[in-house]
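Morning, everyone. I have one structure to go through, so please bring it up on your screens.

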Amino acid sequence: CTRMRGSRARMLVSSAAAAAHDGHSCKSSLASLGSPRSQLLDEKKTQAVYKDAKRFAVGTSWNQPPELAREERTRIPFRHVNIRDSGWSGRWYKHILQGSLWLVTVEMTAYIFIANLVFGWAYWISGGCCGEEDAYFWDDFNFSFQTFTTVGYGALSPEGVTANVLVFFQGIHNILVTTIFAGVVFTKFIRPRWKFMFSDCMVVHNVRGAPHMCLRFGCIDGTYNPLLNVSATAYLSRSETDEDGFKFFPTRTLALETDSKYSVQAVWTLQHRIDEASPMFNRTSEDMQESTTHFHVTVMGIDPVTEETVCKMIHYGSLDVLFGYNFVDQVSWVDGHVTTDFANFNKLKPAPCYYPVRKRKARAARGTPADPAAEAAAAHHQLLHSNRPNIDHSISELKEIAEEEREEEARLAKKRNTKYGSMDGLDD
């Protein structure tokens, strides 16, 4: 590494050293990054691919932010038939574990009140709990509540077979309810309490000469409750059709520039480079909508207080990927403090981005070269009138492209005529 030249190579070596300092071995860090020389070659190869003006154009704001609500644009219409699911009991169990502590406490309190009303009514219609002829319903309800809380003041005691049988069943019910309620409260207290947020959309813009798809993950609690030993994984799933016409929905893992960190105390921007090995290569926003593309991102780490594993997830749809945008700067240095402004967490700004150019196929005869200037002008006009402004290709660049295509077509036509003779009159 000491023989390498250039700031980029030194930065890659520094990144590997920083990764080793964050708790990773230097060998594993270099293996995950690749050697600086090979990574530089890969980046130069990717840059050369995107510099092909016939396939890609540089611009900003290729598509517009979605207007639909997040629930609408990320909904996947899944439905299971001919199978029995966990039913209401499974949904109730999940609600109890995932609901807030205050909501569960209110619901359990309401249940206890209703259960005591039911048992009080059972005592009352059976002739009263304590054998008093002039007893009121309030007395039976009071006895039921004292039985549930095991207060036992001594003023009320069951008399008769019916009352004692009801006390037996109420005692079993009270033990079960108290155990469940205590277990739920204990589970709520030992679970990590950690506040986070994901960006509403993913943006695609150029980084080091190649488009990168980025999203933000933020730790709102800051330094007093960070997330340690953090790792992230991104998945892409879309509809595809094989050669036999069979339609399937595969899931692929997206390689992240950095998929692990020692800790997250503010904001972590996850980046995926869109090179030729990426499933996102040469894909437009329209292609993603047609193939029903979805993205799933998981972030896992360790809570420093409870030392329990925390897993957070987010789901993005095809409308959530914005080409030609970048996030507004969020971190600044103010009064000697690193300040993170979460008001800018989801704010966007236009940024240059390579975007695939779809050209119409030429229908000219084989011996008559197509007019590349007309094709370039048509492609430029189509891009300008499809909500894709700020194309960086100027008129002079388009003329250069047209001239190169004209020379190439003339050279190929001359070569064909020399080898096979004139091909005029034949269809392309």
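I will take a surface patch, then a pocket, then the aromatic pairs.

This is a predicted model, where local features need pLDDT of at least 70 and side-chain atom pairs count only at pLDDT 80 or more, while totals for chains, interfaces and linings use all residues. Residues are numbered from 1 along each chain as its sequence is written, and side-chain values use heavy atoms, with hydrogens and water left out.

First, the patch. F113, I114, L117, V118, W121, W124, I125 and F137 form a nonpolar patch on the surface, together about 790 Å² of accessible area. Helix α6, residues 101-125, gives the most, seven residues. Helices are DSSP runs of H or I, at least four residues, and strands are E runs of at least two.

Next, the second largest pocket, at about 670 Å³. A pocket is an open set of points on a 1 Å grid where a 1.4 Å probe fits, with protein on both sides within 12 Å along at least five of seven lines; lining residues have an atom within 4 Å of a point. Its lining has 18 residues, with Q98, R191, P192, R193 and K312 nearest the centre. Strand β12 gives the most, five.

Last, there are 16 aromatic pairs, meaning ring centres within 6.5 Å.

Terms used:
Patches are made of residues with over 30% relative accessible area and no salt bridge: like charges are joined within 9 Å, nonpolar side chains (Val, Leu, Ile, Met, Phe, Trp, Tyr) within 5 Å. Accessible areas come from the Shrake-Rupley method with a 1.4 Å probe; for residues, only the protein chains shown count as cover. A salt bridge is a side-chain nitrogen of Lys or Arg within 4 Å of a carboxyl oxygen of Asp or Glu. Grid points are joined across faces, edges and corners, and a volume is the space filled by probe spheres set on the points. Rings of Phe, Tyr and Trp (its six-membered ring) pair if their centres lie within 6.5 Å; planes under 30 degrees apart count as stacked, over 60 as edge-to-face and the rest as tilted.
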